[in-house]
Amino acid sequence: MPPSLRLSDMTVATMDPATTDYGLIENASIVIENGKISWVGKASDCPSQYTALPTQDLNGRLVTPALIDCHTHIVAGGNRAREFEMRLEGASYEEIARAGGGIVSTVKATRAASENELLTDALGRVDALIAEGVSAIEVKSGYGLDQGTELRMLRAARRIAEERPIRVKTTFLGAHAVPPEYTGRNDAYIDEVCIPALRAAHAEGLVDAVDGFCEGIAFQPAQIARVFEVAKELDLPVKLHSEQLSNLGGTKLAASYGALSADHIEYLDEDGVIAMAQAGTTAVILPGAFYTLRETQVPPIDALRRHDVPMALATDANPGSSPLTSLLLTMNMGCTLFRMTPEEALAGVTRNAARALGLSDCGTIEPGKRADLAIWDVQHPAELAYRIGFNPLYKRIFGGRA
């Protein structure tokens with residue numbers, strides 16, 4: 001068990017949703033016991049029973065909840081640098097996908113990789129996130145599109161938490177694309193590969209949630225619904241890539257299943273936003289893909305605000321449409337490209353990211369929560385979204401351990 005500790009002489013951004021201005025507390029202290037936060041508040045108000053604890057003076061630094069990347073495809077084989085060139089030469093994401101590139105090209109490389117190779121490649125990307133104060137990530141499958149490789153990806157994802165001090169939530173994304181051997185037979189793929197693989201992964205204890213890609217180049221809502229019905233049977237929460245390139249009604253479908261999140265949602269209309277609000281579904285905003293694909297349709301940020309839909313931000317780290325492993329840069333993109341505020345951006349990678357993963361023990365700084373903290377060499381939390389290509393992390397505390 002980590003030692004008890006009192007942090008002092010700092011500004012704390014608690015990210016308490018009941019407050020404004022980041023929930024800032026100046027001249028603050030945080031008491032950590034048994035890996036959890038026991039107390040937080042003004043140093044002058046610290047209860048006497050904590051004053052004798054070992055104390056670390058942070059010299060006026062800023063402390064926030066540790067960051068959370070709630071949407072990644074960080075376990076994958078190969079890269080798609082050539083497709084990056086093709087897009088710059090004028091090919092669209094959809095044209096590349098229909099020509100056998102895109103997700104399918106990563107499938108080929110992932111199928112050829114061993115579990116150890118997948119893990120080794122993923123760890124380099126995970127290390128980049130940890131270096132920016134990240135304490136939890138979501139990792140999706142979806143580049144196997146056959147049962148053996150999907151399970152291999154999920155096993156590699158689980159092993160990340162054994163190799164690094166980070167929490168990992170795994171998501172089954174068998175309904176990500178149609179593999180070449182099932183071209184034109186989407187329904188058969190769902191029935192013969194995706195659903196059996198989901199059942200096998202669940203039986204092995206490899207799945208925390210179930211996802212899909214509801215889009216013209218992937219799966220229709222009725223096909224996604226068949227996968228979600230199995231998730232419901234297995235008592236697994238769902239989430240969905242939806243309304244990224246068009247509006248097929250995937251977000252409404254996800255909301256009808258009480259989805260944890262709907263992700264991308266650039267083409268989402270107000271009815272879909274209302275459905276999310278009623279279901280308590282978090283919007284996961286992914287500016288990395290928007291930037292990489294040079295899209296122009298922005299997600300409906302104002303409508304999400306009007307209907308009080310929580311907004312998370314994530315890297316969408318993947319080989320093709322978002323080869324991004326910086327959550328700090330993601331925050332800047334959310335502000336610059338989509339006009340999110342710096343406070344919304346920080347909430348998006350802390351408390352709302354936790355919500356998108358179904359995590360209730362992290363994402364804010366309050367008694368009872370895990371002591372997952374990021375300590376920054378900045379004076380104000382707006383600096384975290386303001387800077388580009390600069391990492392001011394001083395120290396990360398994970399479960400009470402520095």
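Two strands count as paired if DSSP finds at least two bridges between them. Helices (H or I, at least four residues) and strands (E, at least two) are DSSP runs, numbered from the N terminus. Keep in mind that this is a predicted model, where local features need pLDDT of at least 70, side-chain atom pairs count only at pLDDT 80 or more, and totals for chains, interfaces and linings use all residues. Residues are numbered from 1 along each chain as its sequence is written, and side-chain values use heavy atoms, with hydrogens and water left out.

- S9 (residues 239-242) runs parallel to S10 (residues 261-264), with four bridges joining them.
- In this pair, His241 sits opposite Asp263 of S10.
- S10 also pairs with S11 (residues 282-285), again in the parallel sense, over three bridges.
- Here Ser261 faces Thr282 of S11.

**Salt bridges**
- The whole structure has 23 salt bridges (a side-chain nitrogen of Lys or Arg within 4 Å of a carboxyl oxygen of Asp or Glu).
- Asp127 pairs up with Arg164, their closest N and O atoms being 2.6 Å apart.
- Asp127 belongs to helix H4 (residues 115-130) and Arg164 to the loop between helix H5 (147-163) and strand S7 (167-175), so the pair ties together parts 37 residues apart in sequence.
- Lys140 and Glu138 also form a salt bridge, at 2.6 Å from N to O.

**Burial**
- Buried means under 20% relative accessible area, exposed over 50%, and partly exposed in between (1.4 Å probe, protein chains only).
- Lys140 is buried at 1%, and Glu138 is buried at 0%.
- Asp127 is partly exposed at 32%, as is Arg164 at 24%.
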